[in-house]
Amino acid sequence: MPGNLSVRVRRLEPETSDLRIARNLLLILLAILLLPYVLAPLYRAGHPASTLMAWRWLTGAPVSRQWIDFAAISPSLPRAVVAAEDAKFCSHHGIDWGALHEVIDDAEEGEVARGGSTITQQVAKNLFLWPGRSVVRKALEFPLALWIDLVLPKRRILEIYLNIAELGPSGQFGAQAGASFAFGRPASALAPHEAALLAATLPNPVRRSARNPGPGVRRLAAIYMARAQAAGQPRCWSENHPFLSHLSAF
């Protein structure tokens, strides 16, 4: 009997070790998944950087980003960016379900896929996830966008986006670097047509240029400028509500 017992113990030891490793790996994975939810409320202040910026730093690629506070940015730029990227920014809670359904319907009908991501989703992706299209990334992005909209005011979400979005072909990130590269002036001095040209380069400033805009970029810029200057465009970002009043909207 003692011999049989020792054999059983030796057989159990590798199994116990494997279970411990699996448990530790699951805990590490859970910590990684939860980290963005811990960090997001802390981004009410500070100058966060995007994962793409971090990757470029690590690989030695050029990165140009000078943080600019929202109050210093030309009012034309947030208006143009919202008009271009997320017309319902002020009314949704992180995800524009109507736009998402349209994208799904287009895909089912075999039409060319178009972006349906909100500014909040893009902030979630840029801060915590990776570029490129994938089902896994989208699955992570959706709840994270809802959480960011819950814990950050709209104005702060837009401020972060305008400071981490890629706005130039060679590592220019944020409004200040993008405006300097395209027009040789700070983001505080952008005219409405310049702001619309910058917005028209999103989401691909490598293929689209505000510095030397082609006919397509000019056409988009004209559309976005008209939308931005429309009297009915909501401008919720002019109010920076405290956290509790932001929750009361739910």
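1. Disulfide. The model is predicted, and a search of the whole structure finds one disulfide. Cys90 and Cys236 form it, with their sulfur atoms 2.2 Å apart. The torsion about the S-S bond is about -85°, so the disulfide is left-handed. Cys90 sits in the loop between H3 and helix H4 (97–108). Cys236 sits in the loop between H10 and helix H11 (243–247). The pair therefore ties together parts that are 146 residues apart in sequence.

2. Exposure of the two cysteines. Cys90 has a relative accessible area of 24%, so it counts as partly exposed. Cys236 is also partly exposed, at 23% relative accessibility. The cut-off for buried is under 20%.

3. Overall fold. The chain has eleven helices and zero strands. Read along the sequence, the pattern is α-α-α-α-α-α-α-α-α-α-α. The chain holds 250 residues, and buried residues make up 39% of them. Consider the contacts with a separation of 6 or more: residues 24 or more positions apart account for 70% of these.

4. Nonpolar core. The largest nonpolar core has 48 residues. Which of them touch the most other members? They are Leu77, Ile119 and Ile148. Helix H3 (76–85), helix H5 (119–128), H6 and helix H7 (154–164) each give two or more residues to this core. So do helix H8 (174–183), helix H9 (192–200) and helix H10 (215–228). As background, nonpolar side chains tend to be buried together in soluble globular proteins.

5. Leu77. Setting aside neighbours within four places in sequence, Leu77 is in contact with Leu162, Ala175, Leu190, Ala195 and Leu198. Leu77 also lines the largest cavity, which is the next topic.

6. Cavity. How many cavities of 30 Å³ or more does the structure hold? There is one. The largest cavity has a volume of about 40 Å³. Its lining consists of Leu77, Val81, Tyr161, Leu162, Ala165, Leu167, Leu198, Ala199 and Leu202. H3, H7 and H9 are the elements that give two or more residues to this lining. By class, the lining has nine nonpolar residues, no polar and no charged. In general, rolling a probe the size of a water molecule over the atoms shows where empty space is left.

7. Cis peptide. The peptide bond from Leu202 to Pro203 is cis, with omega near 5°. Most peptide bonds are trans. Pro203 lies in the loop between H9 and H10.

8. Second largest pocket. Its volume is about 260 Å³. Thirteen residues line this pocket, and those closest to its centre are Ile32, Leu33, Pro36, Phe128 and Leu129. Helix H1 (2–42) and helix H6 (135–151) each supply at least two residues of the lining. Which helix gives the most? H1 does, with six residues. What classes of residue make up the lining? There are 13 nonpolar residues, no polar and no charged.

9. Ala40. This residue lies in helix H1. Its relative accessible area is 1%, so Ala40 is buried. Beyond neighbours within four places in sequence, Ala40 is in contact with Phe128, Trp147, Ile148, Val151 and Leu152. Phe128 is one of the residues closest to the centre of the second largest pocket. Ile148 is among the core residues that touch the most other members. Ala40 and Phe128 are 88 residues apart in sequence, and 9.3 Å apart in space, C-alpha to C-alpha.

10. Arg219. The place of this residue is in helix H10. Is Arg219 buried or exposed? Its relative accessible area is 51%, so Arg219 is exposed. The cut-off for exposed is over 50%. Arg219 and Leu197 are 22 residues apart in sequence, with a C-alpha to C-alpha distance of 9.3 Å.

Conventions: Residues are numbered from 1 along each chain as its sequence is written. This is a predicted model: local features need pLDDT of at least 70, side-chain atom pairs count only at pLDDT 80 or more; totals for chains, interfaces and linings use all residues. Side-chain values use heavy atoms; hydrogens and water are left out. On a 1 Å grid over the protein atoms alone, a cavity is a set of points where a 1.4 Å probe fits but cannot get out, and a pocket is an open set with protein on both sides within 12 Å along at least five of seven lines; lining residues have an atom within 4 Å of a point. Grid points are joined across faces, edges and corners, and a volume is the space filled by probe spheres set on the points. Helices (H or I, at least four residues) and strands (E, at least two) are DSSP runs, numbered from the N terminus. Ala, Val, Leu, Ile, Met, Phe, Trp, Tyr, Cys and Pro count as nonpolar, Asp, Glu, Lys and Arg as charged, and the others, Gly among them, as polar. Buried means under 20% relative accessible area, exposed over 50%, partly exposed in between (1.4 Å probe, protein chains only). Contact means heavy atoms within 4.5 Å. A nonpolar core is a set of buried Ala, Val, Leu, Ile, Met, Phe, Trp, Tyr and Cys residues joined through side-chain atoms within 4.5 Å. A disulfide is a pair of cysteine sulfur atoms within 2.5 Å.
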